[in-house]
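Subject: Structure for you to look at

Hello,

Here is the structure I said I would pass on.

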Amino acid sequence: MDKPVRPDLQFAKEIIKAGGESLKKCYQCSTCTVVCSLAPEDNPFPRKEMLYAQWGLKEKLYKNPDIWLCHHCGDCTAYCPRGAKPGEVLGAVRKLMIKDYSPPKFLANWVADPKYLLLIFLIPILLFMGELFLLGYFSGTEIPRGDNGEMAYSAFLPAVPWIDLPFMAVAGFAVICFYLGVKKYWLDLASQYEIKRKDIYNCIYETIKDILLHKKFQLCTTNKSRYSAHILVLYAFIGLGITTGIAAFYEWVLHWKSPYPQTNIVKIIGNISGIALIVGIFLVIVNRSKNAAKQGIGSYFDWLLIFIIAGVGVTGFLAQLLRLAEIETLGYASYVAHLVFVFTLFTYAPHSKMAHMVYRATAMVFAKAALREEGVKKQEAA
Amino acid sequence: MEKKIGLYICKGCGIGDVVNTEKIVNIAKNALRVPVVAESDVLCSKEGVDLIKKDIAEQGVNSIVIAGCSPRVKTEEFNFPGCFVERVPVRELAIWTIETDEEKQLAAEDYIKMGVIKAQKADIPEPYVIEIVKNVLVVGGGVSGMTAALEVANCGYEVVLVEKESELGGFARKLYKKVPTDDYSKGVLADVNLEPLINNVTTHPKIKVYTSSRIEKIDGQPGDFDVTISKNGSSETIKIGAIIQATGWKPYDAKKLAKKYGYGKFKDVVTNFEFEEIAKNNNGVIKRPSDQRVVTSVLFIQCAGQRDSEHIPYCSGMCCTTSLKQARYVTDGNPDAAAMIIYKDMRTPGKLEYYYKEAQNTPGVMLAKGEVTAIREEYDKLIVTVEDSLLGQKTDIETEMVVLATGMVPTTKEPQDYLIGLSQAAAKGDEEKAKYLETTKKPEFILNLGYRQGPELPFLEGGFGFVDSNFICFQYETRRTGIYAIGPVRQPMNMTEAQEDARGAALKAIQCIEHVAKGIAVHPRAWDTSFPEPNLTKCTACKRCTEECPFGAIDEDEKGIPFYKPNRCRRCGTCMGACPERIVAFKDYNVDMLGTMMKNVSVPSEDDKPRIIVLCCENDAFPATETAALKRLKLDPAVRFIQLRCLGSMNLVWIADALSRGVDGMLLLGCKFGENYQCHFAKGSELAKYRLGKVQETLDRLQLESDRVQMFELAIDEYWRVPQIINEFMDKIREIGPNPFKGF
C-alpha cells in the first residue's frame, strides 16, 4: 500500500491565490490529459495534478517531474469543458514550487507579490545611485569621457569595480540559490521515482539538445506562435551571454576598453541578440494577449519577468543609440536603467519566473533519467 | 327507455373501395335485425353526423354503432350524449392490416357483427349517485401536507389537517437553513421561513387543524368516508370526501451503520439529521459532540446506507444536496474550515446541478469520489480511509468530525413490514398467526382503513415500504381510490418536489370529489358511469372478487358475501373476470356480452384457415395495434381483436367457450406487470396471467394443447411487436394443427 495522504485544503487555497482560481472547476473528466501533446502515455498529466491540487497534496505535486514537463502551451485550458484552466493551475503550482525550493523565502515573497514591486526595483536603483554619488556625479564632478573623447559608459561607470563587483556578487548569490534549490528538488524527485539511467551526463546532453531545438514547444497546437517567440528570446539570451563573455575577455584579458566599434564581432552579436530579444519579448506579449481567452492571460508572476526582460532589451538598446547620438543625460539615465533591469534579472532569477529554465531543465533531465518520457518519444517519432 | 340500435357504416378512407357494404347492410337488417342501418360516403362529415343526429331525433335511436375508424379519432364528431356509442374500427383492423380484399370483407363483417351484438347486449348505465361531502382530509402537517391543504382550501373546499406532533412543520421545522429555491446569487443558504406557510394554514377559514392527533379509523368510500380522529384520548368522527396522505419519512436508523462507519462507537460520527440539529441548536456554529469544540474540518460520507443492498437499496434523492448545504455550515464565515464530501456519485438532479457547481467552486469544500472503507480514532481526530478514489490509491483523511448522509425511510415502512410478517405467518396457519400477533410489537398504523384488504395503503413488492402509486401514468393515485399519497411517503424527494406533489394531489382529490358527486368513475375511466352490479343471490362467497380487486373496492360481510363500494371502484372489471359464477356485470360490459361477441366470430370450416381471437387491453395493447395499423403493418387475416377494459376482466369461460366452438387459438395482450408495471389498473394483467395458469384444466378437459392460449405483455409504444407476436403465435398454431372442434 502507498503511504496514506492527507488532503490539505489550505494548500489548495494557496494554489488558488497563486493564480489557480479555476482549480475548483475541474471535475476530472480527463479531457486535458487526452489533448495534452506533452503528457507521457503512462500516467499522463494534468488530470491527476488537478486532483492533487484540489486535495492540496503538496508532496504529490512537488515531488513529481510532470509539473515542469508541462510547458503551459494551453491545449488543456482551451479544451476544458468546465472552464477549469489546468495550464494556469500548473503555472501557479510552479510558482509556489519556485518559492518553496529557492532560498531565501523572503526574496521569493517579494517577487511573487505586486506589493513589493517598487522595493525590488528600489534596491538596484539605490545601489547604482549610491555608486554615482560616490563617484561624485551628484556633487558636481564632471562625467569623464572615453579615450577618444567620445561618450563612453566605461568612462562613466568603470566596469571594475562599479559593475563587475556587484554583478559578480549577485550572480554568485543566484548560483548558490539555484544550487540549493535544484539539489533539494532533485532529492525530492529521487525519493519518489527510481532513476533508471546511469548516464546522467547523456541525459543532460539530451535535455540541452531538446531545449535548444525547442522540441516540446513544437508539440503545442493551441498556441503555435509561442514556439518562435520563446526560441527567439532563448537565443537572444544565449547571444547576449556570448556578448558578455567576449566583452569580459576584451576588458580583462586584452584590457581593451569599450565602446567598441559597431563592426566589431562583439557589437554585431550583441546587436543582433538585442534585436532578437526585443522582437521575441514583443511576440510573447502579443501572443499572450491574443490567446488570453483560450489559454489564460497568465499571472503577475509571468508578467513581471516579461517586464524585466523587455526592460533589459529596450533600455540596453536605447542606451546604445543615445550614446551614439551623444545625448548625455538621457543616455546615462538609460544606461543606469539598463543596469537596474539586468540586476533584477540576475538577483531574482532563482525566485522569479526566470527560475523556470533551471527547474524545468532539472525536471527534464530527471524525467529522462527515470525514463518518464518513453511515450512522448514515440509520439514525437510518429 | 326502449333501446333502438342504429348502425352507420362509413365508406370513407378506402373502406367503400374494398368492402361490400351492401352485403353488410343486408346481414345487419336481416340476420341481426338492426332497425336502423345507413351508409355514408364520409360519416364524419357534417352530412354524415347530421344523418345520425336526425335518426336520434326522429327515430329515437339511442344505441349507435359506428363502423369506420378507431374510437381514438373523430371523438368530437361522434359524440352523442345520452346514447350508447360503439365504434367499430373497420378501417384499422380490416382495411389497413389485412392484405387480401376477400379477407378484408370477412373481417369487416365479423367486426361489425360484434359491434352490433355489443350494442344489443348493452344497457345505458345510470350513474351511482349518493349523498357526499366535498371536503378533504390531509394526514400529515409537514411541508407537503400544509401545501396540499392550502391548495385544496384555496380552490374553495374545506380541509381537515391532522398532525400527530403538537406543532405543524414536520421535518422542515428541524432544519437550520434550506437550499434556496431561486438562484444562488444571493447566497447558498436560505432561511427555512416556515412561519408564513404555517400561518396561512392555521388562519385559513377553510382549514381545520388537528395537532397532537391521530387517525383512529377510516371507513366508507370516496365522498363518504367516516374518519375518526383521536386527540388527547377523545375521538371525533367526521365525514370526509377525499384523503391526502402526506406522512413523510423517518431517517434511516444509523445504529445499523455502527459496524460500517463507527456510528455510536465514535461520538463525533453523526448523521446528517443530527448535524442539522447541532447547527440549529448552536445557530450555525458547528460544535462536535465529544468535547463541544468548534470544528474546522468535517467529512461527509454520502450514501451512508443508501444504494447498499444491506441497508436501503435506493437513492434517497436529497442527501447529496443536503450535504452540499451542510458543507456550507462548516465553511461559511470560516475561511480556514474544510468540508470534505466523499461520494459514490453526486446526484443533484435538475436545477440543483448549479448548486453542486457552486459548492464545487467553493475553496473550502472538497468533493471527491471514493468509497469509505474504515474510520478510526487517533488522539482527538478521526481518520477516514478512502479507497477507489480518482487518486488511484488508498487515502487516509484526517477530520474532526464525520457526518453520515443517511437516507429516507417512508413512515409507511413499519406498518407494512408488520403486515407482511402477519400475512406470511397467517399463511403458515392459525397457530403461527397467533404467535406472530403475540410476539411482534404492533407499530402505529397511520390510516387505519376499515378495508377488507388491509388497514394501510398498498405497497409494491420490492417497493421498500413506499406507497405504491402508478408512477408511470398516475403518480399521486394510490391503489385506494380517493386516497392520494404525496411527498416522501410515495418516493424519496426534496421539499420542492414534495410541494409539487402536493399541488398535483390537491387537484386529484378535488377531481375525486367532483366525480363521485356525479356518479362517474374517479380515474382513469374518468367518463364512465357504469359500475359493477353483482347478482348476489347467486354468490357462493368464494371471496375471489374481494381478494383480487386491485383497489380494495369490495368489503365482505361476516358470511363472506361481497359488499361493493362503487365509489372506490375504478371500473376495470377485474371482479367480473375473477367471478367463477359470472354474477358480476356492468350495464355496458359483462361476461355474456363479450361471450356472445366471441361466439359470433366466424370460424372457417377449412382446416387451412385458422381463426384466432385476440383479447386485448384497450389502454395499451389495443392502441399499440392501432399504431401498427397506422403504420400499415400487415397482420395475419386469421386474427379478430376484442378490446377489454382491462385484461383483469378476462373470464376463463370465454376461453372455454371459444375453443369449444372451434377457434384455433386465443391470444391475450396485456400491459407489463411486476415491479415496473404499466397496467392502468395496477394488477389486471398480472391477475390475468395468474388466471391463465388455471386454464390448463379447461384445456385438458377439452383435450387441447396448452399452447393454443398464450399471453404477452405489450407496452403502448411497442406497436412493432404486434405483427411479430401474432406471426409467432400463428406459426405455433399452424404447427399444432386445426382445432378438432372445428365444424361441430
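Predicted model: local features only at pLDDT ≥ 70, side-chain atom pairs only at ≥ 80, totals over all residues.

Residues are numbered from 1 along each chain as its sequence is written, chains are lettered from A and ligands numbered from 1 in the order in which they are written.

Chain B has 22 helices and 32 strands (DSSP runs numbered from the N terminus: H or I of at least four residues for helices, E of at least two for strands). Its C-alpha atoms fill a box of roughly 100 × 60 × 60 Å along the principal axes.

Helix 6 of chain B covers residues 143-154. Its span from first C-alpha to last is 16 Å, close to the 16 Å expected at 1.5 Å a residue (1.5 Å times one less than the number of residues). Because 11 of its 12 residues are buried, helix 6 of chain B is largely enclosed by the rest of the structure. The cover includes strand 5 (135-139), strand 11 (242-245) and helix 14 (495-518) of chain B. Just after helix 6 of chain B, B:Gly156 has a positive phi of about 95°.

B:Ala149 is one of the buried residues of that helix. In the largest nonpolar core, of 201 residues, B:Ala149, B:Ile244, B:Phe300 and B:Leu404 touch the most other members (a core is a set of buried Ala, Val, Leu, Ile, Met, Phe, Trp, Tyr and Cys residues joined through C-beta atoms within 7 Å). Helix 18 (residues 328-347) of chain A gives the most to this core, 11 residues. Apart from it lies another core of 109 residues, B:Leu32 and B:Phe551 among them.

The contact between the chains takes 15 residues from chain B and 16 residues from chain A (two residues are in contact if their C-beta atoms, placed from the backbone, lie within 7 Å). On the chain B side, the largest share, 4 residues, comes from strand 19.

Regards

How values were computed. Buried ≥ 20, exposed ≤ 12 C-beta atoms within 10 Å, placed from the backbone.
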